[in-house]
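Subject: Structure handover

Hello,

Here is the structure we talked about. Please open it next to this message, and my notes follow below.

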Amino acid sequence: MHAELEVHFRDSAAKALLDPQLRANFRRAMDGLMAKRKAQFPDPADLQDLRDLSTAIRSRSLLNLPDLLEQFEANCTKNGIRVHWAETCEEANELILGILQSKGAKTLVKGKSMVSEEMHLNAFLEQHGIEALESDLGEYIIQLDGETPSHIIMPAIHKNKDQIARQFSQKIKDAKYTEDVDELTAMARKVLRQKFLDADAGLSGVNFAVAETGTLCLVENEGNGRMSTHVPPLHIAVMGLEKVVARLEDVAPLYAILTRSATGQAVSTYFNLITGPRGTGEKDGPQDVHLVILDNGRSRIYADPQLRATLRCIRCGACMNHCPVYTRVGGHAYEAVYPGPIGKILTPQMEGVGVRHDLIHGSSLCGACGEVCPVEIPIPEILVRLRREATHTDAGSQVAGKGTGRTRTEDWAWRLWAGLLKRPRLYRLAAWFATRFGKALPAGAPLIQNWTRTRTKPVPARRSLQERMRSEAQSGGTRHD
Amino acid sequence: MTDATTSSAASSSARAAILSRLRAAGGGGPLPPLDVTVLERRQWPARERMERLRKGMEAVHTEFLEATPGNWTAVARAFCDREGLKNLLYGPGSEAGARLAADWAADRGAGQGAGGTQLMPYDRPVEAFKDELFNGVDAGFTGTVGGVAETGGLLLMPDAAEPRLMSLVPPIHLALLRASTIQDSFWSAVKALGWGRRLPPNALMISGPSKTADIEQTLAYGVHGPKRLIVILVDDLELA
Amino acid sequence: MNGSKPKKVYFYGTCLVDLFFPDAGMAGIQLLRAAGVEVVFPQGQTCCGQPAYNCGYWEEARDVARTQVALFPEDLPVILPSGSCAGMMKVHYPELFHGQPDEAQVRAFSGRVYELTQFLVQVLGVKLTDLGEPVKVTWHSSCHAVRDLGLKGEPQSLIGQLANVELAPLARTHECCGFGGTFSVRQPEISGAMSCDKAADAEATGASVLLSTDGGCLMNVNGTLEAKGSALKVQHIAEFLWERTHAR
Ligand code: SF4
């Protein structure tokens, strides 16, 4: 079904941890983002009310999803937006290629779209002789280096100014070396404005899709989204099928909590509502607007009542900003389009829980993600559920790759564990041995070895609590030990 | 090789398959209630709305010019002259654009501002002057249909008279806002403007000049769109 | 429990306290007794089952959990010197037993579970008198204690009652120490990096002791500090409170 590539999060994370520059870049960036978010929510009760409302809106959208999608499609069509559906990324790529080719388009400027990353659209179009140029500054920076985004909101967050300065001076024609952020930005502006002007087509993602009006909502700060969707004669939007909400009114609180959670902004520079191509008499805007609605495993996630919560996600990135693992290893270590906590639950559900087994175990279950998620996705609970799915084949489960992460060793380990702990006498015996001889366990023993890389070996106490309480009871309840 | 016909056949079979999977999964169930008191709480008296909007937008580098219903065209003009703008793109078919042009002409008739900023009408399809729009225009002038007090923000509904790119492509965007049109929040604006019922092909909220923080979280303005956003804030509250 | 303070409670030691921090367990029992509460400590305690639950081995977790629930038949509060295990028993048992024949029984049990400081503050409303020398401590809030169980500063409020104790704020206090149970051995590199950062933040406070409600975090941070040769010690909150408030 998929390229069954075993991916080792542990290895790539270990590699990332050895890069002090990378770690410093992420630590600084995440500390800043956490502080900014916090400043936007001074009143915890107000935040909770807004989260509850946002969660309810997203849950309602999902409950009505098929109806809303049909209503949305009908309204889009009425507005002149051509709607296409794709079950897989391959289908979506083919659809887009077909649209571009039918217009003879050779160049495409792109606003930020994680779904297009999911589709690996750029590489696909490149193969078919169409230039796809990222225009979000962060995306542009990483595209210059042939990299993928390391964060869903701030794709170039792993790079610092010096790295970008060096890169620009090497890769942009006639660019001089400068570490001045305004000058670097001006360089990109110059290149990209010409591209907007010349492009045959523009592509964008969709933050929210409004069923009642047939509207595509785009949230952005840079204006490249507006450029990509209003300047070229053709606009193609791509969205995951979960993005639809019933009413524009419902979008208001989602938008409010999105920007605050994401970058700690009360409002983005632009909130762009697209409800059709260039209208009668209008002097600009694209003549054609197409929309591709992508499934890519979402309808399977939808089928599970617990896992469905995954689809509430509004892609704010707060879970990664607050994740102690993400903060240390950065986005690339996940080797997935969506990194961080949301990626840890989304990627295995899309690609299979077996092949991404170490992704679902790459969490301490600290719960920081669930705590900040604006739509209250219980990410730790979903991780535990996916760990279950990876090692079991429960009837009724539709999870991709269920049971394929099972190993005999782990099965036995847990059987032994339970065998010991459900037999108090056996446990008592083991505890007696541990307290008497635990010291003698070599620090290099398997598992203990993993512990003692950075820590001293824990030594059991000389007498366990139960032993002491037993002697206390025997000696008639004296209070000292 | 794909063409539009085969892709639409593929699309409709994908559509059927997706929708049937979603339906089979069983939506339904009781819908969780929507408690919007958290949104209703965001309310301020008119003058405070104006102050809030201004504070919110200034925090993201928007500049304000204070004006009255009677003098705003002169304020706009003084700004253009002060900045030494070569030209100002405007929509002759819009109410605000027409008024701007009329006053501008009257002033010129009165002997003021010869040689100053030229008004440039956006009166033909963009294809006819795309290069000039990108490279030869100093500023664009638009009206607004309202503002948002809670966070700061201007509401625009570009149309035939006031095209979309006027507020995007020129390096300076000059926007006219009447204080009486400022709503409490985006949520209340959506309701007040009836956007939930009908939307034009494009509508938007703008809170400041184009910006990015993609290089080391350092804010830089004017990355793709306008480098400056100037709001001509017309205080018409006493009249309203 | 009808409004009046309970006279009798169960104490559940948890496996980590049983084997590695028995002094903390004893101290917890003493604190309860000092507050005038009789403590019942059933023998046969092993583990709450959290490791297996978190790894998806729910049958195994349930097997163990059942034997534990059975140790606490009477309608008495069950007190744990661990936020993480209390969270498991209070919040996750109902999920683990969802749809099982004994779900109702388990739910009733879960309803009686408290973390020690939670019980001391919320139910007993204890007042502490500090008998110790001036000392500067710092607080590590266990993720599960706060996010699963919902502790809301009870331990800090108890520390705040101690006149000679200065509580130095720990930077990034809500960030995980890197323990995470099986995570610490399944992802030793990431876990180790988190632990080292936590140890460094703790040292930067200038405190002489780091306190926490949870044995897992303590074992992790302690091991890391020891490996660095740090002078900073760690201690379970129960043991610290007992030592400060009761002369030997
Ligand atoms: S899971 Fe929640 S916090 Fe993470 S990106 Fe999605 S909405 Fe944001």
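Where is the place of A:Gly370 in chain A? The place of A:Gly370 is in helix H18. Before going on, please keep in mind that this is a predicted model.

**A:Gly370 and its surroundings**

A:Gly370 has a relative accessibility of 18%. Buried means under 20%, so A:Gly370 counts as buried. Leaving aside residues up to four places away in sequence, A:Gly370 touches A:Arg51, A:Ile377 and A:Pro380. A:Glu381 is eleven residues from A:Gly370 along the chain. The C-alpha atoms of these two residues are separated by 9.0 Å.

**Chain A overall**

Chain A has 481 residues, and buried residues make up 64% of them. The chain holds 23 helices and ten strands. Its C-alpha trace spans about 95 × 55 × 45 Å along the principal axes. Now take the contacts in chain A between residues at least 6 apart in sequence. Of these, 72% join residues at least 24 apart.

**How the chains meet**

Two pairs of chains are in contact, and chains A and B share the most contacts. Chain B brings 86 residues to that contact, and chain A brings 100 residues. About 7,900 Å² is buried between chain B and chain A. Carbon and sulfur atoms give 58% of that area. On the chain B side, three residues stand out: B:Arg164, B:Ile215 and B:His224. Together they supply 10% of the area that chain B buries against chain A, more than any other three residues.

Chain A also meets chain C. Here 63 residues of chain A are in contact with 69 residues of chain C. The two chains bury about 5,900 Å² between them. Of this, 60% is on carbon and sulfur atoms. A:Trp414, A:Arg455 and A:Leu465 supply 12% of the area that chain A buries against chain C.

What about chain B and chain C? No contact joins them. Their closest C-alpha atoms lie 20 Å apart.

**Helix H12 of chain A**

This helix covers residues 248-263 of chain A, which makes 16 residues. From first C-alpha to last, H12(A) reaches 23 Å. That is close to the 22 Å expected at 1.5 Å a residue. Of its 16 residues, 15 are buried, so H12(A) is largely enclosed by the rest of the structure. A:Gly264 follows the helix, and its phi is positive, near 70°.

**The largest cavity**

Rolling a probe the size of a water molecule over the atoms shows where empty space is left. A search of the whole structure finds six cavities of 30 Å³ or more. The largest holds about 150 Å³ of space. It is lined by 17 residues. Closest to its centre are A:Ala252, A:Ala256, B:Glu150, B:Ser185 and B:Phe186. Two elements give two or more residues to this lining: H12 of chain A and helix H7 (186-192) of chain B. H12(A) gives the most, with five residues. By type, the lining has twelve nonpolar, two polar and three charged residues.

B:Glu150 sits in the loop between strand S5 (146-148) and strand S6 (154-156) of chain B. Is B:Glu150 buried or exposed? At 15% relative accessibility, B:Glu150 counts as buried. Not counting residues up to four places away in sequence, B:Glu150 touches A:Arg260 in chain A. Within chain B, B:Glu150 touches B:Arg42, B:Trp44, B:Arg52, B:Asp184 and B:Ser185.

**The second largest cavity**

This cavity has a volume of about 110 Å³. Its lining has 15 residues. Nearest its centre lie A:Cys323, A:Pro341, A:Ser363, A:Cys366 and A:Cys369. Four helices of chain A each supply at least two lining residues: H15 (324-329), H16 (340-351), H18 (368-372) and H19 (379-391). H19(A) gives the most, with three residues. The lining divides into eleven nonpolar, three polar and one charged. H18 is also the helix that holds A:Gly370, where these notes began.

Best wishes

Technical notes
Residues are numbered from 1 along each chain as its sequence is written. Chains are lettered from A and ligands numbered from 1 in the order in which they are written. This is a predicted model: local features need pLDDT of at least 70, side-chain atom pairs count only at pLDDT 80 or more; totals for chains, interfaces and linings use all residues. Side-chain values use heavy atoms; hydrogens and water are left out. The expected span of a helix is 1.5 Å times one less than its number of residues. Buried means under 20% relative accessible area, exposed over 50%, partly exposed in between (1.4 Å probe, protein chains only). On a 1 Å grid over the protein atoms alone, a cavity is a set of points where a 1.4 Å probe fits but cannot get out, and a pocket is an open set with protein on both sides within 12 Å along at least five of seven lines; lining residues have an atom within 4 Å of a point. Grid points are joined across faces, edges and corners, and a volume is the space filled by probe spheres set on the points. Ala, Val, Leu, Ile, Met, Phe, Trp, Tyr, Cys and Pro count as nonpolar, Asp, Glu, Lys and Arg as charged, and the others, Gly among them, as polar. Contact means heavy atoms within 4.5 Å. Buried area is the accessible area (1.4 Å probe) that two parts lose on being put together, summed over both.
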